[in-house]
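Dear colleague,

Here is the structure I promised to hand over, with the sequence alongside. Please have it open while you read my notes, which follow below.

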Amino acid sequence: MSTSTTRVALITGAGTGIGKAAARALLGAGYKIVLSGRHLDKLEAAISDIGGNHDNCLAVACDVGNPASVTAMFEQLKAKFGRIDLLFNNAGTFTAPTLAEDIRYEDWMNVVNTNLTGPFLCAQEAIRMMKAQSPKGGRIINNGSISAYAPRPMSLPYTATKHAISGLTKSIALDYRNDNIACSQIDIGNAATEMTHRMANGILQADGSIKVEPRMNAEHVGQAVLQIAQLPLESNVLFMTIMATNMPYVGRG
């Protein structure tokens, strides 16, 4: 069970990539970590990779788009650590590049459930705990992506959900500031993970060309998450963009 000096973080999509990098950074700063994802074996491997153990980490298999699965995850978190200080809504997915008229309903709903419904359900449960615990409050960080501002070609489901995350972030930040709950959004551009592997081989650009795009170390994103998390709750980074310096975004190139 946690004490008032224990800090507990829940990270969704924590088995690989950005989630795993954030878990490593937060664990190094003394946080207890709940790693969530669809595959328990990947989560257990991630705990080993970041130097964690079963005293300071908990792996929970969860479908973030399923309310019962999310509720069960928070019950496990509360039973082991007793409180939550940080939720990093990181889990995300996308479709293959597809024009709107060719997007299947099933693919649309899969992206919506993972990228939007999941962060809502996890935030809802986190807020309930944060309001009830002592000391009261906590912080929620949503993974927004640069696609929250500028779409890639043929990425409608992903782009729509990431734009919606901005609304989720602003509404939580507004509605719960009197409960000592801060909400941030971190917009990430081209972190080197499995999800961005195709960028290193060339990816479709707005002009129809295929170009290799620079990527950055995912550990840098983990450090950015930690930077926000370590702020006192009286201060908040509402939006942060961290990106590969030379990626085609600022100035359209």
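**What was found**

Gln76 counts as partly exposed, because its relative accessibility is 37%. This residue lies in helix H3, which covers residues 67-81, and, once its neighbours within four places in sequence are left aside, Gln76 is in contact with Leu58 and Val60. Between Gln76 and Ala29, which are 47 residues apart along the chain, the C-alpha atoms are separated by 22 Å. Please keep in mind throughout that this is a predicted model, and that the values below are computed from it.

**The protein as a whole**

The secondary structure of the protein comes to six helices and 11 strands. Its radius of gyration is 18 Å, close to the 18 Å that the globule rule gives for 253 residues, so the protein is as compact as a globular protein of that length. Taken along the principal axes, the box that the C-alpha atoms fill is roughly 55 × 35 × 35 Å.

Of the 253 residues, 49% count as buried, while the protein exposes about 11,700 Å², of which carbon and sulfur atoms supply 52%. If we take the contacts with a separation of 6 or more, 71% of them are accounted for by residues 24 or more positions apart. As for charge, there are 22 positive and 20 negative side chains, and the centres of these two sets lie 5 Å apart.

**Cysteines**

How many disulfides does a search of the whole structure find? The search finds zero. Cys62 is in no disulfide, and the nearest cysteine sulfur to its own, that of Cys122, is 5.9 Å away; likewise, Cys122 is in no disulfide, with the sulfur of Cys62 as its nearest cysteine sulfur at 5.9 Å. A disulfide here would need the two sulfur atoms to be within 2.5 Å. Cys62 counts as buried because its relative accessibility is 5%, and Cys122 counts as buried because its relative accessibility is 0%.

**Backbone features to look at**

Most residues other than glycine have a negative phi, and most peptide bonds are trans.

- Ser134 and Pro135 are joined by a cis peptide bond, with omega at about 0 degrees. Pro135 lies in the loop between helix H4 (105-132) and strand E5 (138-143).
- Ser145 is not a glycine, although its phi is positive, at about 80 degrees. Its place is in the loop between E5 and helix H5 (156-175), and Ser145 is buried, because its relative accessible area is 6%.
- Met154 also has a positive phi, of about 55 degrees, although it is not a glycine. Met154 is found in the loop between E5 and H5, and it is partly exposed, because its relative accessible area is 32%.

**Three further residues**

Arg24 has its place in helix H1, which covers residues 17-28. Not counting residues up to four places away in sequence, Arg24 touches Asp49, Ile50 and Glu219. The C-alpha atoms of Arg24 and Ala14, which are 10 residues apart along the chain, are separated by 9.9 Å.

Where does Ala200 lie? Ala200 is found in the loop between strand E7 (191-192) and strand E8 (203-204), where it is partly exposed, with a relative accessible area of 35%. With residues up to four places away in sequence not counted, Ala200 touches Val212 and Arg215. Ala200 and Leu35 are 165 residues apart in sequence, and their C-alpha atoms are 28 Å apart in space.

Ser171, finally, has its place in helix H5 and is partly exposed, with a relative accessible area of 39%. From Ser171 to Cys183 the separation is 12 residues in sequence and 8.9 Å in space, C-alpha to C-alpha.

How values were computed:
Residues are numbered from 1 along each chain as its sequence is written. This is a predicted model: local features need pLDDT of at least 70, side-chain atom pairs count only at pLDDT 80 or more; totals for chains, interfaces and linings use all residues. Side-chain values use heavy atoms; hydrogens and water are left out. Buried means under 20% relative accessible area, exposed over 50%, partly exposed in between (1.4 Å probe, protein chains only). Helices (H or I, at least four residues) and strands (E, at least two) are DSSP runs, numbered from the N terminus. The radius of gyration is taken over C-alpha atoms; the globule rule is 2.2 Å times the number of residues to the power 0.38. Contact means heavy atoms within 4.5 Å. Accessible areas come from the Shrake-Rupley method with a 1.4 Å probe; for residues, only the protein chains shown count as cover. Lys and Arg count as positive and Asp and Glu as negative; His and the chain ends are not counted. The place of a charge is taken as NZ of Lys, CZ of Arg, CG of Asp or CD of Glu.
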